[in-house]
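User: Can you walk me through this fold? I'd like to go sheet by sheet, then look at the core.

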Amino acid sequence: AFQIDKTAINENESVTLTGSFTDVGLLDTATLQINWGDGNTSAATVDQVNRTFEATHQYFDDNPTATPLDENIITGTLTDDDGGVTFDTAIVTVQNLDPTLVLN
């Protein structure tokens, strides 16, 4: 299971995903691939001994544009070295910010 530190952010902010996993194969190692829901993917840092993980991602913009906010479904796919696979999801809402005008 995993959780994110914030369920709603402003564009250009980041979320951190953390969690733990179990595997009855005590010597199995695992990898966790994260699909951030905005077209980006990355691998989480996995602690094989404590069976925990962490990943951080910055959302540069709310996508699609021209909306006040957008929900991104984050999907984590955990795979062990024997080919066993499981996944979990979370949702983060990315809010648009109005531009700032500076007159000189």
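Analyst: Here is a short tour of the strands, their pairing and the core. Keep in mind that this is a predicted model.

User: Start with the four-strand sheet. What order are the strands in?

Analyst: The order is S1-S3-S7-S6, in an open sheet with antiparallel pairing.

User: Which strands stand at the edges there?

Analyst: S1 and S6, the latter covering 45–47. Each has a single partner strand, so one side of each has no neighbour in the sheet. Neighbouring strands here are turned by 15° against each other on average, ignoring direction.

User: How many bridges join S1 to S3?

Analyst: Three, and the two strands run antiparallel. Phe2 sits opposite Gly19 in S3.

User: And how many bridges for S3 and S7?

Analyst: Eight, again in the antiparallel sense. Thr18 faces Glu54 of S7 in that pairing.

User: What about S6 and S7?

Analyst: They pair antiparallel over three bridges. Asp47 has Thr52 in S7 as its bridge partner. The two strands form a hairpin, with four residues between them. In the turn, Arg51 has a positive phi of about 55°.

User: Stay on S7. Which side chains along it are buried?

Analyst: The side chains alternate. Phe53, Ala55, His57 and Tyr59 point to one face and are buried.

User: How many bridges join S8 to S9?

Analyst: Eleven, with the strands antiparallel. Thr77 stands opposite Phe87 in S9.

User: Ala90 next. Buried or exposed?

Analyst: Buried, because its relative accessible area is 14%, below the 20% cut-off. Ala90 lies in strand S9.

User: What is Ala90 in contact with?

Analyst: Beyond neighbours within four places in sequence, Ala90 contacts Phe2, Ile4, Asn72, Ile73 and Ile74. Take Asn72: Ala90 and Asn72 are 18 residues apart in sequence, and their C-alpha atoms are 8.4 Å apart.

User: Now the core. Which residues touch the most other members?

Analyst: Leu17, Leu32, Ile34, Trp36, Phe53, Tyr59 and Ile74. The largest nonpolar core has 20 residues.

User: And which strands supply at least two residues of this core?

Analyst: S1 (2–4), S3 (13–20), S4 (30–35), S7 (52–59), S8 (69–80) and S9 (85–95).

User: Take Leu17. What is it in contact with?

Analyst: Setting aside neighbours within four places in sequence, Leu17 contacts Phe2, Gln3, Ile4, Leu32, Ile34, Trp36, Phe53, Glu54, Ala55 and Ile74. Among them, Leu32, Ile34, Trp36, Phe53 and Ile74 are listed with Leu17 as core residues touching the most other members.

Note on methods
Residues are numbered from 1 along each chain as its sequence is written. This is a predicted model: local features need pLDDT of at least 70, side-chain atom pairs count only at pLDDT 80 or more; totals for chains, interfaces and linings use all residues. Side-chain values use heavy atoms; hydrogens and water are left out. A nonpolar core is a set of buried Ala, Val, Leu, Ile, Met, Phe, Trp, Tyr and Cys residues joined through side-chain atoms within 4.5 Å. Buried means under 20% relative accessible area, exposed over 50%, partly exposed in between (1.4 Å probe, protein chains only). Contact means heavy atoms within 4.5 Å. Two strands pair if DSSP finds at least two bridges between them. Axes are lines fitted to C-alpha atoms, for helices over the stretch in contact, and angles run from 0 to 180 degrees between N-to-C directions.
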